[in-house]
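Open your viewer and let's take a short walk through this model together. We will stop at a few places, and at each one I'll say what to select.

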Amino acid sequence: MFCPGCGNEVANDAVICVKCGRRVGKEAIAGAEDGKWTTGVFVALILVTVLVPYVGGLIGLIFGIIGLTKPAKKKQGLILILTAVGGFILSMAFWGAVIGSMFLADSYDYYGVLDIIYLIA
Ligand SMILES: [Zn+2]
(Lines give C-alpha, C1' and ligand atoms only; values in the text may rest on other atoms or scores of the structure.)
Protein backbone atom coordinates (compact mmCIF):
# COMPACT_ATOMS: atom_id res chain seq x y z
CA MET A 1 0.00 0.00 0.00
CA PHE A 2 0.97 3.66 -0.22
CA CYS A 3 1.33 6.27 2.52
CA PRO A 4 -1.59 8.77 2.38
CA GLY A 5 0.81 11.52 3.49
CA CYS A 6 3.75 11.31 1.09
CA GLY A 7 2.82 8.54 -1.35
CA ASN A 8 5.80 6.40 -0.34
CA GLU A 9 5.20 2.68 -0.78
CA VAL A 10 5.08 0.97 2.62
CA ALA A 11 4.60 -2.65 3.71
CA ASN A 12 0.95 -3.74 3.88
CA ASP A 13 1.17 -4.36 7.63
CA ALA A 14 3.09 -1.16 8.38
CA VAL A 15 1.78 1.10 11.14
CA ILE A 16 3.96 4.15 10.46
CA CYS A 17 5.45 5.38 7.17
CA VAL A 18 9.25 5.17 7.37
CA LYS A 19 9.68 8.18 5.10
CA CYS A 20 7.43 10.81 6.75
CA GLY A 21 6.40 9.23 10.07
CA ARG A 22 2.68 9.41 9.38
CA ARG A 23 0.37 6.71 10.70
CA VAL A 24 -0.73 4.43 7.88
CA GLY A 25 -2.88 1.35 7.57
CA LYS A 26 -6.52 0.57 8.20
CA GLU A 27 -6.58 2.01 11.74
CA ALA A 28 -5.36 5.42 10.63
CA ILE A 29 -7.85 5.59 7.75
CA ALA A 30 -10.78 4.40 9.91
CA GLY A 31 -9.83 6.91 12.62
CA ALA A 32 -9.81 9.80 10.15
CA GLU A 33 -13.12 8.75 8.65
CA ASP A 34 -14.90 8.35 11.97
CA GLY A 35 -13.63 11.57 13.53
CA LYS A 36 -15.83 14.59 14.18
CA TRP A 37 -16.11 17.27 11.55
CA THR A 38 -13.67 20.04 12.41
CA THR A 39 -15.22 23.24 13.74
CA GLY A 40 -14.50 25.00 10.43
CA VAL A 41 -16.20 22.32 8.36
CA PHE A 42 -19.13 22.11 10.77
CA VAL A 43 -19.68 25.90 10.84
CA ALA A 44 -19.48 25.93 7.02
CA LEU A 45 -22.12 23.18 6.84
CA ILE A 46 -24.41 25.10 9.23
CA LEU A 47 -23.96 28.32 7.21
CA VAL A 48 -24.74 26.52 3.93
CA THR A 49 -27.81 24.93 5.54
CA VAL A 50 -29.11 28.26 6.84
CA LEU A 51 -28.07 30.67 4.08
CA VAL A 52 -28.48 28.79 0.79
CA PRO A 53 -32.18 28.73 -0.15
CA TYR A 54 -33.79 25.30 -0.72
CA VAL A 55 -30.58 23.43 -1.66
CA GLY A 56 -28.84 24.40 1.60
CA GLY A 57 -31.48 22.70 3.74
CA LEU A 58 -31.20 19.59 1.61
CA ILE A 59 -27.39 19.59 1.90
CA GLY A 60 -27.69 20.00 5.68
CA LEU A 61 -30.17 17.14 5.83
CA ILE A 62 -27.97 14.82 3.73
CA PHE A 63 -24.81 15.61 5.75
CA GLY A 64 -26.84 15.29 8.95
CA ILE A 65 -27.97 11.79 7.98
CA ILE A 66 -24.38 10.88 7.00
CA GLY A 67 -23.28 12.22 10.40
CA LEU A 68 -25.88 10.12 12.21
CA THR A 69 -24.44 6.95 10.67
CA LYS A 70 -20.97 7.71 12.14
CA PRO A 71 -20.69 7.50 15.94
CA ALA A 72 -18.27 10.44 16.28
CA LYS A 73 -20.42 12.70 14.07
CA LYS A 74 -23.77 11.72 15.59
CA LYS A 75 -24.18 14.89 17.67
CA GLN A 76 -23.12 17.17 14.80
CA GLY A 77 -25.38 15.26 12.41
CA LEU A 78 -28.33 15.74 14.75
CA ILE A 79 -27.64 19.50 15.03
CA LEU A 80 -27.45 19.73 11.22
CA ILE A 81 -30.78 17.90 10.78
CA LEU A 82 -32.47 20.10 13.42
CA THR A 83 -31.03 23.21 11.75
CA ALA A 84 -32.23 22.08 8.32
CA VAL A 85 -35.73 21.15 9.58
CA GLY A 86 -35.95 24.31 11.74
CA GLY A 87 -34.87 26.44 8.79
CA PHE A 88 -37.46 24.76 6.60
CA ILE A 89 -40.25 25.41 9.13
CA LEU A 90 -39.11 29.04 9.58
CA SER A 91 -39.02 29.65 5.83
CA MET A 92 -42.47 28.06 5.46
CA ALA A 93 -43.78 30.32 8.24
CA PHE A 94 -42.10 33.32 6.61
CA TRP A 95 -43.53 32.65 3.16
CA GLY A 96 -46.89 31.75 4.70
CA ALA A 97 -46.93 35.17 6.36
CA VAL A 98 -45.85 36.93 3.14
CA ILE A 99 -48.49 35.16 1.04
CA GLY A 100 -51.06 35.72 3.79
CA SER A 101 -50.37 39.46 3.92
CA MET A 102 -50.47 39.64 0.10
CA PHE A 103 -53.87 37.97 0.19
CA LEU A 104 -55.08 40.41 2.87
CA ALA A 105 -53.68 43.34 0.89
CA ASP A 106 -55.54 42.06 -2.18
CA SER A 107 -58.82 41.80 -0.30
CA TYR A 108 -58.37 45.31 1.12
CA ASP A 109 -57.82 46.56 -2.40
CA TYR A 110 -60.87 44.66 -3.51
CA TYR A 111 -63.04 46.32 -0.86
CA GLY A 112 -61.37 49.65 -1.60
CA VAL A 113 -62.37 49.36 -5.25
CA LEU A 114 -65.89 48.39 -4.24
CA ASP A 115 -66.11 51.48 -1.97
CA ILE A 116 -65.04 53.69 -4.85
CA ILE A 117 -67.63 52.07 -7.13
CA TYR A 118 -70.35 52.65 -4.49
CA LEU A 119 -69.19 56.27 -4.10
CA ILE A 120 -69.38 56.87 -7.82
CA ALA A 121 -72.70 55.10 -8.14
ZN1 LIG B 1 4.76 8.86 4.25
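In which segment is Cys 3 found? Select it: Cys 3 is in the segment before helix H1 (26-33). Before going on, note that residues are numbered from 1 along each chain as its sequence is written. The model is predicted, so local features need pLDDT of at least 70 and side-chain atom pairs count only at pLDDT 80 or more, while totals for chains, interfaces and linings use all residues.

**Around Cys 3**

Cys 3 counts as buried because it has 21 C-beta neighbours inside 10 Å (buried means 20 or more other C-beta atoms within 10 Å, with C-beta atoms placed from the backbone). Now show its contacts (C-beta atoms within 7 Å): leaving out residues up to four places away in sequence, Cys 3 touches Asn 8, Val 10, Cys 17, Lys 19, Cys 20, Arg 22 and Val 24.

**The whole chain**

Zoom out and colour by secondary structure. The chain has four helices and zero strands (DSSP runs: H or I of at least four residues for helices, E of at least two for strands). Buried residues make up 14% of the 121 residues.

**Where H2 meets H3**

Select helix H2 (residues 39-51) and helix H3 (residues 55-69), which pack at about 140° with their axes 6 Å apart (lines fitted to C-alpha atoms over the stretch in contact; angles run from 0 to 180 degrees between N-to-C directions). Show side chains next: Leu 45, Val 48, Thr 49, Val 50 and Leu 51 in H2 meet Gly 56, Gly 57, Ile 59, Gly 60 and Phe 63 in H3.

Key: Contact = placed C-beta atoms within 7 Å. Buried ≥ 20, exposed ≤ 12 C-beta atoms within 10 Å, placed from the backbone.
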